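Here is a guided walk through a two-chain model, written to be read with the structure open beside you.

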Amino acid sequence: MDILANFSQGLLVVLQPENLMYCFIGVFLGTFIGVLPGIGSMAAIAMILPITFYLDPTPALVMIAGVFYGAEYGGSTASILLNVPGTPAASITAIEGHQLAKKGRAGVALFSTATASFGGGIIGMVVIALLSPFLAKLALSFAPADYFAVILLGLIAASAVSNGGALKGIAMVITGLMLGTIGIDLTTGVTRFTMGVPELRDGIHIVIVAMGLFGVGEVIASIRATRSGTATQTVDYSDFYPSKKEWKSLFAPILRGGAIGSFIGALPGTGQTIAAALAYAVEKRVSPQRKDFGTGVVPGVAVPEAANNSATQTAFIPTLTLGVPGSPPMAIVIGALMIYGITPGPRLLTEQPDMFWGLVASFLVGNIMLLILNVPLIGIWVRLLNIPYKYMYPTIIVLICMGVYSLNNNVFDIWLTLVIGVVGYVMRLFRFEPAPLLLGFVLGPMMEEHLRRTMLLSRGDPMVFVTRPISATLLAITALIIVFALYSTARTHRRALAARLGSSRKEQPNEL
Amino acid sequence: MNYKAQFTGAVMAVAAAMTSTAVLAEPGAWSDEPVRIVVTFPPGGTSDLVARLLAQQLDTGFGQKAVVDNRPGAAGTVAADYVAQQPADGTTLILSNNAPFTISPTRFKSLPYDPIEDFTHVAYIGASAPGLFVQPSSGITTLEAYVAQVKETPMTYGSSGVGSISHILGEAVDAALSVESIHVPYQGSAPAIQDFRAGALDSFYDMVVQNSDMIEDGEAVALAIASPERNPQLPDVPTFREQGYDIVIENWVGLSAPAGLDPALRDKIHETVLAVFAKPEVQAKLTDLGITHVAMSSEDYEALVGELIGVWAPLIEAAGIKE
């Protein structure tokens, strides 16, 4: 078994004391940030970014990955105890989780989420190990036209299924695309939209946009929504382990959630939140306990957790094999790899096998660490929720500023981050999701680059997009998504209209 | 009162004497403060590795503490502008290269610094040379066959970006061979080589020594190298010059300081840097990075930078990348 041999090789890499340590730092910091309400994994990345500059690529990647999936573990804690999701994806967990907590069964909910996250993580890891080598082989023959089609698919998918509705999603993607055009045009060398500011000549760094929108924006939003007094729920350790019946009811949801999450996570442009939401919606229809959904059932907390954790891991598939980031955090991973001169793409698996398989094996190690951190040690995290925010948030802002400054040793970048943060906060107030914007910002320039490259290579003939089988297939899927999105928008509109008409009709007799 | 002043003066004199002896005691150190070597690229690239090699050698072999300070951005002009404004006391140096010193003066309408007037160019370190690679399946093995082919149907070539050395070499080759090929810019050579391997590109320009594996594995044919002489590591790759085209384009690195560096200090730094790169093990590391070391006086180096601005100008104009 080739994959097993590779995997055990990766395990040897990750079990080196140095890598183990950075894996632990990653998952620990991830859980820490994830537990804090409103602050997601992006802010955590900014904090550890300066450290990663001094590491070898493998421990750096292992650590960054640990932050991402660690945050998903931690995110559920705040959503269960406070009904305030620690990460966006954990908002789905809050639906059932907080109901369980209200019933005094917070312990069971926390235990179930940790178990489900672990199960989902392992499923995601197996999918990566099986799928990546195959996809990398396929991607070796990818031409720019095929990359263009993949990215277009990702962008359309991201805006069509965004949380705030398709129209706002598309608006944010386009805003991101426009921000992405700032700087030197890669094809002609002409500077665009820099307004004479030399610092903008190379464009805005992805970390700056990400930190502004997510880190700073999230902190401002959290300060405004101060919930001092914090965790009123206490975890009762006598009721920590689920009953035998509940244990059994966990198994199938974890498998289903893990499968849905793995699939959604591997698509470029979709993320953990969508994976969790979709898995919950499916479970609500197929679960034997579907009637009790919404009142606090164990499968209801397990399924989104399994899905978001497996999606967090399979998101590495397009990132590492194609070099196309599936989600904003993955764009940071690519940025970090570029710093080491490693270009993610189909050759990464063969040229950096230790790094790739070390990362895959670190998912197993990291998930075991997280299980220990989040089950026996859950009390620590619960107490963390009692640290006054007046100390927590300024610290986070300072760490973000340090992370941003470390990119180019340039103060201008800090100001830019703060400005973007305020803009991001205002957008949040109007319910515009920052995630599609960031994805447009990252994927837009890549898409433009591949489009123009394709046209150069084909000597200006656009037919290559439909004559190449890979790009033709991907474009067909994209077209289907657009049709589906239009159809479902029209349907909800019609229903809303019908509902309004129906209710007004009912009211009529009364008026008469 | 008077005693006190005298005493203070004496202490200061002793302290000064002690510091200067401390400096003199070290074999090659020129400053008791750590020296910053500013690099125009992010960590990880060839320039960065050269700077780190130099910093480490200065520290261990010559008692001169040195740190690397990466200030990437705007084709190296951010770093150059920064260094130009620092005090010329030998504590801030820049790992100089083509982009901010010989390409940007022609490429950009205005620069915040003058590449000659605002700097003291101290020591030349070495250079690596790019070359032309074609697909083995094309059957082309000589520059003549290439010219014949390109004249018939234009070929596409990948470069590591608009205004990069590989792009400018591509334009120079087109001009010298009087052919017109299609330039496809990439962000760095890795993605260009990936597309070349996937068969999307007909040819590409990149550093030759760095791609010796591809040449040996028969994945690419190197038609010519743009160095003045053949590279000893790849004696089978002919130069453009020996095939009748006078094209010499090299990616050089050197060490420069802000303008007004004291000539004695300049000589001291120059001497130390040459001593570092005279070591065989250091040269071996440079060779691994594809860089051939050449010893050169400070005056010659300064003259070379000035001369190269003139050499690059027509090439940059031909490449159409002037701002």
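## A helix in chain A

In helix α10(A), the buried residues are L250(A), P253(A), I254(A), R256(A), G257(A), G258(A), I260(A), G261(A), S262(A), I264(A), G265(A) and A266(A). Here, buried means that 20 or more other C-beta atoms lie within 10 Å of a residue's own, exposed means 12 or fewer, and partly exposed falls in between, with C-beta atoms placed from the backbone. Helices (H or I, at least four residues) and strands (E, at least two) are DSSP runs, numbered from the N terminus.

What do these buried residues of α10(A) pack against? Their partners are α6 (106–139), α11 (272–286), α12 (298–314) and α13 (316–321) of chain A. Helix α10(A) covers residues 244–266, 23 residues in total, and spans 34 Å from its first C-alpha to its last, close to the expected 33 Å. That expected span is 1.5 Å times one less than the number of residues.

## How to read the model

This is a predicted model, in which local features need pLDDT of at least 70 and side-chain atom pairs count only at pLDDT 80 or more, while totals for chains, interfaces and linings use all residues. Residues are numbered from 1 along each chain as its sequence is written, and chains are lettered from A and ligands numbered from 1 in the order in which they are written.

## The sheet of chain B

Chain B holds an open sheet of six strands in the order β2-β1-β3-β10-β4-β11, with mixed pairing. Since β2 (66–70) and β11 (292–293) of chain B stand at the edges, each has a single partner strand, so one side of each is left without a neighbour in the sheet. Two strands pair if DSSP finds at least two bridges between them. Strand β1 (residues 35–39) of chain B pairs with β2(B) in the parallel sense over five bridges, and R36(B) stands opposite V67(B) in β2(B).

Helix α9 (residues 263–278) of chain B lies across β4 (119–128), β10 and β11 of chain B, at about 15° to β4(B). Axes are lines fitted to C-alpha atoms, for helices over the stretch in contact, and angles run from 0 to 180 degrees between N-to-C directions.

## Two domains in chain B

An automatic or database domain assignment sets the bounds: domain 1 of chain B is 27–127 + 252–319, and domain 2 is 130–243. Their centres, taken over C-alpha atoms, are 28 Å apart.

Nine residues of domain 1 of chain B are in contact with ten residues of domain 2 of chain B; contact means that C-beta atoms, placed from the backbone, lie within 7 Å. On the domain 1 side, α4 and α11 (298–319) of chain B each give two or more residues, and α11(B) provides the largest share, four residues.

## Where the chains meet

The contact between the chains takes 25 residues from chain A and 25 residues from chain B. On the chain A side, the largest share, three residues, comes from helix α20 (residues 434–457) of chain A.

## Two loop residues

F193(A) is not a glycine, yet has a positive phi of about 55°. F193(A) sits in the loop between β2 (191–192) and α9 (206–224) of chain A.

Terms used: Contact = placed C-beta atoms within 7 Å.
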